[in-house]
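Please examine the sequence and the three-dimensional structure shown here. A report on selected local features accompanies them.

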Amino acid sequence: MGLASWFNDFCSDIQVKDGGTIASRYKAITRRLNTDFWDTTSETSHSLYVGSYGRNTAVKGFSDLDMVFELPSDLYYKYNEYSGNGQSALLQAIRTSLQRTYNSSSIGADGQVVCIHFDDGITFEIVPVFTNKAGSYTFPDSNNGGSWRTTNPRSEIEAIRDKNKVCNLNLVLLCRMMRVWKKRWDVPIGGLLIDTLAYQFIGNWEYKDKSFIYYDYICRDFFGFLASQNPEKTYWKAPGSDQHVYKKGVFQAKALKCQKLAQEAINFELATPKLEDSAKQKWREIFGTAFKD
């Protein structure tokens, strides 16, 4: 086995494996909310996967599944007219609906979401939304007395999907690999910022149309791209939506260290004779045990 096989196996191993369980829960949640708010038992209408799962960049072992549920527009006017925190009341209405299907002790409503905590460690975070003419969503924020905010996850999903197609599917796999690196190195960087920076990087990367044989280079060069980001910068614009994606901390130093480790791995691969065991150990330093022996 060589470099291409290593990365092929790595990317296969980190894929989300429990898609069937996730889909069945998503349908049950959708059916419950549709029954109570739309007078239909549809398992698919009015809901959408968002977040990393919606962008197809989640990896095995992820814990939070984000979804939105579109509500009838008249409910916006109802809760907007509340003298108190109408946003909190709306979240409680969603929670009450879901309690008819799920144990009330597993459901919480806080801030902007209603959460259902499942025994296998996955939490579904449901955001009730109202659809705007431009395709964006208005959603409730119950913090600080309540307010309405806007998001546009569809445009982000479409931007990642379209860029992935013209990059030989390398964008999504890069985003997934970097999530493994984030966990391994405890990097203070959010998933949407990983996806945003990977999107910016790969559009100009010279080997974006290649496959696994170039994945040593894609990792090295992306680490270099991360390391080169201005440490004074506080936010970047998400692909598609242009929403501000704020940094959680300094990630550049760890990216620079892993750029150097990746270059060491490449040097071992290019040695005569090849030092494949040494190269693989460098990749395992970067990605941990997810990168198999």
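## Basis of the model

This is a predicted model, in which local features need pLDDT of at least 70 and side-chain atom pairs count only at pLDDT 80 or more, while totals for chains, interfaces and linings use all residues. Residues are numbered from 1 along each chain as its sequence is written, and side-chain values use heavy atoms, with hydrogens and water left out.

Helices (DSSP runs of H or I, at least four residues) and strands (runs of E, at least two) are numbered from the N terminus.

## Salt bridges

Side chains of opposite charge can pair when their charged atoms come close. Here a salt bridge is a side-chain nitrogen of Lys or Arg within 4 Å of a carboxyl oxygen of Asp or Glu, and the count by this rule is 11. One of them joins arginine 154 to glutamate 70, with an N to O distance of 3.4 Å. Because arginine 154 belongs to helix 6 (residues 153–166) and glutamate 70 to strand 2 (residues 64–70), the pair ties together parts that are 84 residues apart in sequence.

Arginine 220 is buried, at 18% relative accessibility, and aspartate 221 is partly exposed, at 21%.

Serine 97 is located in helix 5 (residues 86–99) and is buried, with a relative accessible area of 1%. Apart from neighbours within four places in sequence, serine 97 is in contact (heavy atoms within 4.5 Å) with Arg32, Leu33, Asp36 and Phe37. Between serine 97 and glutamate 264 the C-alpha to C-alpha distance is 55 Å, and the two are 167 residues apart in sequence.

## A strand hairpin

Strand 6 (residues 137–141) and strand 7 (residues 147–151) pair in the antiparallel sense over 5 bridges; pairing requires that DSSP find at least two bridges between two strands. Aspartate 141 stands opposite serine 147 of strand 7. The two strands form a hairpin with 5 residues between them, and asparagine 144 in the turn has a positive phi of about 55°. Asparagine 144 is exposed, with a relative accessible area of 83%.

## Helix packing

Axes are lines fitted to C-alpha atoms, for helices over the stretch in contact, and angles run from 0 to 180 degrees between N-to-C directions. Angles under 35 degrees count as roughly parallel, over 145 as roughly antiparallel, 65 to 115 as roughly perpendicular and the rest as oblique. A crossing is left-handed if the near helix is turned anticlockwise from the far one by less than a right angle, and right-handed if clockwise.

Helix 9 (residues 215–227) packs against helix 10 at about 155°, with the axes 8 Å apart, and is therefore roughly antiparallel to helix 10. Helix 9 passes helix 10 in a left-handed crossing. The contact includes Arg220 and Phe223 of helix 9, and Cys258 and Ala262 of helix 10. Helix 10 (residues 252–270) packs in turn with helix 11 (residues 276–287) at about 165°, with the axes 8 Å apart; these helices are also roughly antiparallel, and their crossing is left-handed. Among the residues making this contact are Cys258, Ala262 and Glu264 of helix 10, and Lys282 and Trp283 of helix 11.

## Backbone geometry

Most residues other than glycine have a negative phi, and most peptide bonds are trans. The peptide bond from threonine 272 to proline 273 is cis, with omega near -5°, and proline 273 lies in the loop between helix 10 and helix 11. Histidine 46, although not a glycine, has a positive phi of about 70°. Histidine 46 is found in the loop between helix 2 (19–37) and strand 1 (47–50) and is partly exposed, at 23% relative accessibility.

Methods. Buried < 20%, exposed > 50% of the residue type's maximum accessible area, 1.4 Å probe, protein only.
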